[in-house]
Each structure stands twice: as C-alpha cells, then as structure tokens.
Amino acid sequence: MIVAVAGLPGIGKTTWIKKQIAALDKPVRYFSAGEGNIIVDRTYLSAEFPHLEIIDEHNIQQLLSPEAQNITTYIELNWSLDLEKINPFFQQLQCHRIALIAASMDNSYWADWADESIICSSWDSCDNLNDIFQINSPQMHRLLLTGEIVDLPSLEVFWYELTEGAYGELIRAKGIFNLVDGQTILGNYILNLPREDFASLPLPYNLDRNRFSGVEIFGKSLDNESIVRTIEDCCLADTAINYYQEQLQIAV
Amino acid sequence: MLFIMKIAVISCIHANYEALDAVLLDIDKQKADKIYCLGDLVGYGPYPNAVIEQIRALDIPTVKGCWDEDIVEGLNACECSYPSILAEKRGKLAHEWTDKEIYPEHRQFLAELPEVIKEENLCFVHGSSHSNHEYLLSEIDAFTALERVLSAEADVLFCGHTHIPYVRTLDGGKLNIKVDGKDLSFNAPLKRIINAGSVGEPRHGRPNATYVIYDRNSQETILREVEYDYHKTCQAIVDRGLPAIFAWRLAKGLEYAEKAEDASHVCTR
C-alpha cells in the first residue's frame, strides 16, 4: 500500500504519518517529495523510527514496480509542489491520496486531488487562512546548515525574534540544528500556536559535523538577508568547536 | 548637601536621546533637588554625542559605566557580559559604531568619569562596588548583596547595569565569622540596594524609560516609568546605520542585545 499525503504547511502531515508508522509493526518506507536538500521531515522521522526505510528522489522509480505495493509506503508532499505538475507521476502510481485540510478555508485545491480528506486542527486558531496563504504571495526560504554547529543560547534568541516577527510575518518555520555536544535538536513553529522549546531528537550524540542541519522558513515580507546573517552569527567558529570537542573526547 | 532631600537617579541611557529628554522633563515635574547618573551614556543607541552633551550641560554627577569604559579603553568585556555569541557579535558591532561616532572631547569626558561617587551614606556605582561589569540582579544571594553594600561603606547603594529597576532592603544583616578559633558576629544596620533601571534600553517588556526618585529624609523610593516617543529612536537606529534588530528589540522592551540571567554569578574580575 502506498499512501500520499498533501496539505498546507504546518497542517500536520509529518505528525499524521508518524502516528500511522507508530501504529504499524511491519517494515515501512517513507519518501518526502519536494523537500530538496532541507530534509527536516525525513531526519525527524528517521530519528523517531531508526528502522524506517527512506526513499530518496533518485530511486522513486522503484515505487512504480508491482512489488512496491507489498511494503507500506508513505509519501509526504511538500506544500511547494504543484499538484497538477506532479499528477502524471501519481497517475502511474497506485496510491491512496490523502489531503489534510483546515476546516476554515477553501480546500478545493487539495480535495479535488485527494481520494480522502481529513480535517486537522493545527490551523484552527487562525480565522483568515485564505488571506494568509493566498494573498501577497508568501515566501519560502530554505537554508542548509550542514557542517555548522550552533550556539544554543544564540539560536534561542534568534528563534524568539523570528517567531515574534522581527524578520517579517512568519507563518511556519521548522529546522534541525546540531549542537557542539553532539545533540541534534528540532525547532518547530506554526503561526498562532504557542512557541515550543527546541526538542532534542532521539539520536545518539554525534560529533560528526556532516550531519544534516537546515531550516525552512515560510512567511511574508521576510528579511531574508537579516535572517541568513543572524543564523550565521549563531554558528560557532571552527576553533571553538574543535576546542570544545577535544575536551569532550578527553573527558569521555 | 543636607538641604538636598529629593534626588533623581538615572542610569544606562545608551545613546537614547529621546528617552533622556523625556526623563529629564519628568524629573523636573517631580521637583528633584539633584540628579545623579550611573553611567552607560553610550552604546547601542543612535545619539552618543547628544547624550553626553546634555549630561555635561546639566553638570550631572556621573559614574563610568562599562560601555563608557570600553569606549575609552577598548572592548574589555568579561564572560558575564555576553550570554551568547550572538549577543557578543551584536555588542561588538555596536561598540565599533559608537567608537567611530564619538567626538574626541566626549571620549575624554568619559575617560574622566569616576568609578564611584559617594555622598555621605549614599554610594553610586554602575554595576557594583567591585566592578562596573558586575550584575547585581534583584535575586542575587543575600550575602553577596550585603557584602557589596558594606564594601561601599554606604547605607544605600545605587546601581544600574541590569536595566531592571528594583529596591532591595537588607534588614537581616548578621554575619558570623571565626578568627583564630574565636566566633565573632556582627550585626549590620539596615541597608538598601536601589537599581535605577534604564533610561534608554529597558528590558522590563515595555519600551518606557525607567529611573528612580529617592527622598533622603523619608527614605521613600519611587520607581518612575516614563513614556516617550521610542519610534523616533527606532527610526534613528535604522537611519544611522545600526542594525534594525536593535530597533525591534527596543520597541519590545527587550534591550538591544541581551543580558546575563544568572543571578548567582559573581564577577571575579
């Protein structure tokens, strides 16, 4: 069985898929379509389910084989994808299409594409969703930070400023960041919902600096230059990282 | 000095001329006999020269703040000044901007400011009686708080630096020590620490300026909060080439950068 899930940013696609995977006791595969190199959702689910098999864009053809139906596979469609443009692929694919929708907006774009629509509550606190998502062309900014180690107190200041509107009208932000002690943390924000603390991912502490790190920011009138500069200012210098990690390795 | 009953204490103006102007008007309305300033005339804000000119013109007794010291001697912050590398980078940027803007005679004025002013049983410092970089937060442990007032040889220690105004009364000042096997105890008389908050860079969640009125006769302390047109300062921050995030933070009452949060930290410099 292959299930494709689409919907607004922040509607809860990854959370919905996580619940389905958690309820299964057999092998599961996951493909995040349209994530590009900012693989936040994939990294998050891989951390939660170490045995989850990840399909990347280079081998999606395997989903078209008849055998593909034997393994439960979830495909998460990034909001930035044009459903009409990718429709030819989905016409070849035998899959169940699910749209996660908000009760308070016109959902015809998603509902027309889907076999099944599920109402989710994550945007219930916003009563002007049509305005938020359809007027003034919201912008998506993606920043790859792999190789960078962030200073957590600095990141917390930046995240506070970002989510309080210092760099423009933020709608959605999610990011994975690596700390100098080897922890990996997740930042997650949805407009009008309470700001959550960074969550440590259940991954072994790892000093390898090539671990994925990146952030996806979605909003209006965003000052991208200031965002990038501030995130860069949150990153530790190589000398500081090397010194700290040497001390850590000696201590361990 | 004896006829001076009501004093106003201002601190941490941080080159915010609009806020200083509003506070001076308010002090005038409160009919204070004398004004003292606890330093940090410059740093982060857009009008360092105008603020110094005003302080000089009014001949306000002023102690040297950590930002004033850094403009004279170069950056000399200790680890308790910056809780994050982002704050440190922003602080350095503000320092470099101010360093370019400041007039030579104003730098000299800052260089000549005293570290401490004593007026009978009152002591005026920027951070603490030990260092103008040290944060005397309201939650600091009682022993340290009492030690700082006693070492100032005062009954009332006026400080700033934390940007949050408070009055702390130390009325349980009993010290027990052992010297050469003998137990000695001392009872310290009632002492006070009064933090004047910040004129130009508040961090109490509102952009309003804060300062203190103290009546030497009744010992009544009034923490004043003064509204002013902070939008003008915010616009000047942007117009004069300082980072726009300083303006955003000022408007939110968050300080331009951020400050040490660890009340138990005692500066060892």
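What span should the 12 residues of H6(A) have at 1.5 Å a residue, and how far apart are its end C-alpha atoms? The expected span, taken as 1.5 Å times one less than the number of residues, is 16 Å, and the end C-alpha atoms are 16 Å apart, which agrees. Helices here are DSSP runs of H or I with at least four residues, strands are runs of E with at least two, and both are numbered from the N terminus.

Before going on, a word about the model. It is a predicted one, where local features need pLDDT of at least 70 and side-chain atom pairs count only at pLDDT 80 or more, while totals for chains, interfaces and linings use all residues. Residues are numbered from 1 along each chain as its sequence is written, chains are lettered from A and ligands numbered from 1 in the order in which they are written, and side-chain values use heavy atoms, with hydrogens and water left out.

Back to H6(A). Its buried residues (under 20% relative accessible area with a 1.4 Å probe, protein chains only; exposed is over 50%, partly exposed in between) include A:Leu155, A:Val157, A:Phe158, A:Trp159 and A:Glu161. The cover over these buried residues includes strands E8, E9 and E11 and helix H7 of chain A, together with H4 and H8 of chain B.

Counting heavy atoms within 4.5 Å as contact, 17 residues of chain A touch 12 residues of chain B. Buried area is the accessible area (1.4 Å probe) that the two parts lose on being put together, summed over both; here it is about 1100 Å², with carbon and sulfur atoms giving 61%. A:Val157, A:Glu161 and A:Asp233 supply 40% of what chain A buries against chain B, more than any other three residues.

Now for the charges. A salt bridge needs a side-chain nitrogen of Lys or Arg within 4 Å of a carboxyl oxygen of Asp or Glu, and there are 4 between chain A and chain B. In one of them, A:Asp233 meets B:Lys89 at 4.0 Å, N to O. Helices H6 and H7 of chain A each supply at least two residues of the side that touches chain B, and H6(A) gives the largest share, 6 residues.

A:Glu161 turns up again in a salt-bridge network with B:Arg90 and B:Arg249. B:Arg249 sits in helix H8 of chain B and counts as buried because its relative accessibility is 6%. Its side chain also makes a polar contact with that of A:Glu161 at 2.7 Å (N or O atoms within 3.5 Å, one able to donate a hydrogen and the other to accept it; residues adjacent in sequence count only if both atoms are side-chain atoms).

Another salt bridge pairs B:Lys252 with A:Glu164, the closest N and O atoms being 3.8 Å apart. B:Lys252 lies in helix H8 of chain B and A:Glu164 in the loop between H6 and E8 of chain A, so the pair joins two chains.

Chain B has pairings of its own. The side chains of B:Glu120 and B:Arg216 form a salt bridge at 3.1 Å, N to O. Both residues lie in loops of chain B, so the pair ties together parts that are 96 residues apart in sequence. B:Arg216 counts as buried at 15% relative accessibility, whereas B:Glu120, at 47%, is partly exposed.
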